[in-house]
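The tour goes stop by stop.

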Amino acid sequence: LRERLHRHAGDAERAEADLQSALGGALLAMVAIFAFTALLGAGVLAWLTILFTPARGRILARLAEGLRERGEAREGDSARQLAVVVTFFAASLAIPFAVTPLGLANGDDPVRRAAWTLALEVGLLLIVLGAHRVFSTPAGVDLGFRPVAPVRALGVGALAYLLLWPVLVLVLLPLGTLFERLGLPTQSHPIVEQLQAASERPGAFALWFLIAAVLAPLLEEAVFRGSLHGALRGRFGGRGALLVVAVLFAVIHPQVGLGLVGVFLVGVALSLVRVHEGSLWPGVVL
């Protein structure tokens with residue numbers, strides 16, 4: 001429409017720029033639709049393969065066993081692991097509060113904001129690993145980063161990612177319609193907004209991608225599927241731990257409405273991968 005208006009006004013240069021912008025947007029939309037459809041189709045194919053493969057019984061049996069067991073539940077183990085979780089939440093609140101007067105996270109520069117967030121994520125990860133070393137390691141409590149073959153970690157993480165796609169679509173599409181009719185708000189994750197805002201700044205985009213795809217998974221798996229899952233499993237068993245961890249994982253993310261449901265489903269998938277594999281690495285990949 002802008003192209004036609006500018007051409008009618010005799011501004012051929014702006015009309016051509018509008019046309020190229022419209023064509024570029026249409027091409028990007030087609031690529032996104034193709035990628036979405038391809039991932040959804042691959043997810044459906046993955047589900048069919050799992051359902052009709054002879055390994056289905058072994059997979060279900062392993063999950064059932066992991067969800068039933070309470071773990072070793074030795075005296076004080078749960079308290080030690082909860083101490084790591086409490087340390088994480090205390091640090092995640094205290095550090096931003098302490099450095100706010102310095103103005104590190106202020107301003108409109110996306111590179112500066114990304115660099116601050118990157119430093120915060122690295123600091124929190126080091127604090128969690130240090131807290132685990134102080135509270136849990138002396139008692140022989142495992143955080144969960146057990147060695148696993150890289151090929152298996154990548155394969156299981158990718159397979160779980162594909163299996164998750166149809167579930168998200170089946171749940172979120174009808175819920176999205178319901179939320180819209182009820183007028184319930186929906187908010188995307190702020191890091192998605194940061195990635196979009198930094199789309200024209202390669203340096204900032206690379207930093208936010210590193211935060212979202214590497215540091216956040218390492219930190220969140222260590223806290224939620226590592227210490228918290230281990231602490232709750234000793235008290236409530238595998239099923240109770242999975243449910244509580246998935247709920248808390250969704251609640252701590254700054255999203256509302258439909259986004260909250262999506263994060264909960266992702267949390268359930270991450271816990272199932274953790275239970276099945278006995279290691280946090282495939283969940284990091286997912």
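The stops below cover a helix pair first, then salt bridges.

**Before you start**

This is a predicted model, in which local features need pLDDT of at least 70, side-chain atom pairs count only at pLDDT 80 or more, and totals for chains, interfaces and linings use all residues. Residues are numbered from 1 along each chain as its sequence is written, and side-chain values use heavy atoms, with hydrogens and water left out.

**Stop 1: α2 against α6**

Select residues 12-52, helix α2, and residues 150-182, helix α6. Helices here are DSSP runs (H or I, at least four residues), numbered from the N terminus. The two pack at an angle of about 105 degrees, and their axes are 7 Å apart. Axes are lines fitted to C-alpha atoms over the stretch in contact, and angles run from 0 to 180 degrees between N-to-C directions. That makes α2 roughly perpendicular to α6 (65 to 115 degrees counts as roughly perpendicular).

Now show the side chains at the contact (heavy atoms within 4.5 Å). On α2, pick residues including Phe-36, Leu-40, Gly-43, Trp-47 and Ile-50. On α6, pick residues including Leu-159, Tyr-161, Trp-165, Pro-166 and Val-169. By class, this contact has 16 nonpolar, 1 polar and no charged residues. Ala, Val, Leu, Ile, Met, Phe, Trp, Tyr, Cys and Pro count as nonpolar, Asp, Glu, Lys and Arg as charged, and the others, Gly among them, as polar.

**Stop 2**

How many salt bridges does the structure hold? There are 7. Each is a side-chain nitrogen of Lys or Arg within 4 Å of a carboxyl oxygen of Asp or Glu.

Select Asp-18 and Arg-2, which form one at 3.8 Å, N to O. Asp-18 sits in α2 and Arg-2 in helix α1 (residues 2-8), so the pair ties together parts that are 16 residues apart in sequence. Asp-18 is buried at 14% relative accessibility, while Arg-2 is exposed at 55%. Buried means under 20% relative accessible area, exposed over 50%, partly exposed in between (1.4 Å probe, protein chains only).

**Stop 3: Asp-77 and Arg-80**

Go to helix α4, residues 77-99. Arg-80 and Asp-77 both lie there, 3 residues apart, about one turn of the helix. Their side chains meet in a salt bridge at 2.9 Å, N to O. Is Asp-77 buried or exposed? Asp-77 is buried, at 8%. Arg-80 is partly exposed, at 27%.

Definitions and conventions: Parallel < 35°, antiparallel > 145°, perpendicular 65-115°, else oblique.
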